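Thanks for passing this one along. Here are my notes, in the order I would go through them with you.

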Amino acid sequence: MADDPLVHDLTFSNVKGETFTLSPPLYLGSLAELGRIGERIEEAGGRISRGEALSLVREIYRIVDRVGESVADHMSCRAGCAACCRMMVAVTRGEGEILRERIDREPEGLRKERWKEGLLSRTESLLSLKGSADPSRPLTTLPDMLATCEAYEKKGLFCPFLGEDRLCEIYEDRPLMCRICWTLTDPRDCDPGEGPPVKFRNGVFFRAFDLLILLGKAGFDDARHRPIPLWLTLA
Ligand code: SF4
Ligand code: SF4
């Protein structure tokens, strides 16, 4: 069993010195479920309705959450540990629509106002980034994405959806990047200027990332990947 290359690839170590393995049946079952979503898009000739696209985005969230939660006890991440909520979270069109619907559902009041003001000010900050860090470009390549992330994180701005109690106020609707941000190393590595933290990565998370871009194209004819504030404040 220990010599099985799949088990080897699914075995990780954490800051507490623990070694653990992501369940191979869970991993393979999750990949198969994601594969069926890819087949559905293909069968539909690459075009599906907005409603189906949003429902499939939520299905992808459910699949990645099940994988992450299966190893959560081995991760450094805990409620209220929110240094990561300073990162630039880039999302696809379907995810942006889910966030827009979440804001629309929020009753009028101080919290909604704070979100809207926060989104506007983060958009200004993002648009002040220049050159290879300019987030108004599509961010379809990893170097572009990393350049923007690095420049934005230096600004030290928390996500507008982070509450004063350091909990995510839109937890059920948070994007993929926030769902796969699990850290194996010391939480202090996530502070700006420290680290970098070692992340728990696996094929399910990577496949989910690719599928969400496909769903943006299939459901909205929009394959862009943009920071949250840009989706919610610009066309
Ligand atoms: S990613 Fe880092 S900062 Fe965020 S919850 Fe996990 S350990 Fe804490
Ligand atoms: S959406 Fe929630 S989890 Fe993601 S960065 Fe914002 S506050 Fe943090």
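1. The protein chain has 9 helices and 4 strands, where helices are DSSP runs of H or I with at least four residues and strands are E runs of at least two, both numbered from the N terminus. Along the sequence, the pattern reads α-β-β-α-α-β-α-α-α-α-α-β-α.

2. A word on the source: this is a predicted model, in which local features need pLDDT of at least 70 and side-chain atom pairs count only at pLDDT 80 or more, while totals for chains, interfaces and linings use all residues. Residues are numbered from 1 along each chain as its sequence is written, and chains are lettered from A and ligands numbered from 1 in the order in which they are written.

3. The radius of gyration of the protein chain, 18 Å, agrees with the value near 18 Å for a compact globule of 235 residues (taken over C-alpha atoms; the rule is 2.2 Å times the number of residues to the power 0.38). Along the principal axes, the C-alpha atoms fill a box of roughly 55 × 45 × 40 Å.

4. Of the 235 residues, 33% are buried (20 or more other C-beta atoms within 10 Å of the residue's own, with C-beta atoms placed from the backbone).

5. Around ligand 1 sit Ser76, Cys77, Cys81, Ala83, Cys84, Cys181, Thr183, Pro187, Cys190 and Pro197 (C-beta atom, placed from the backbone, within 6 Å). This shell has 8 nonpolar, 2 polar and no charged residues.

6. Ligand 2 has Cys85, Val89, Cys159, Phe161, Leu162, Cys168, Ile170, Arg174 and Cys178 around it.

Conventions
Nonpolar A, V, L, I, M, F, W, Y, C, P; charged D, E, K, R; others polar. Buried ≥ 20, exposed ≤ 12 C-beta atoms within 10 Å, placed from the backbone.
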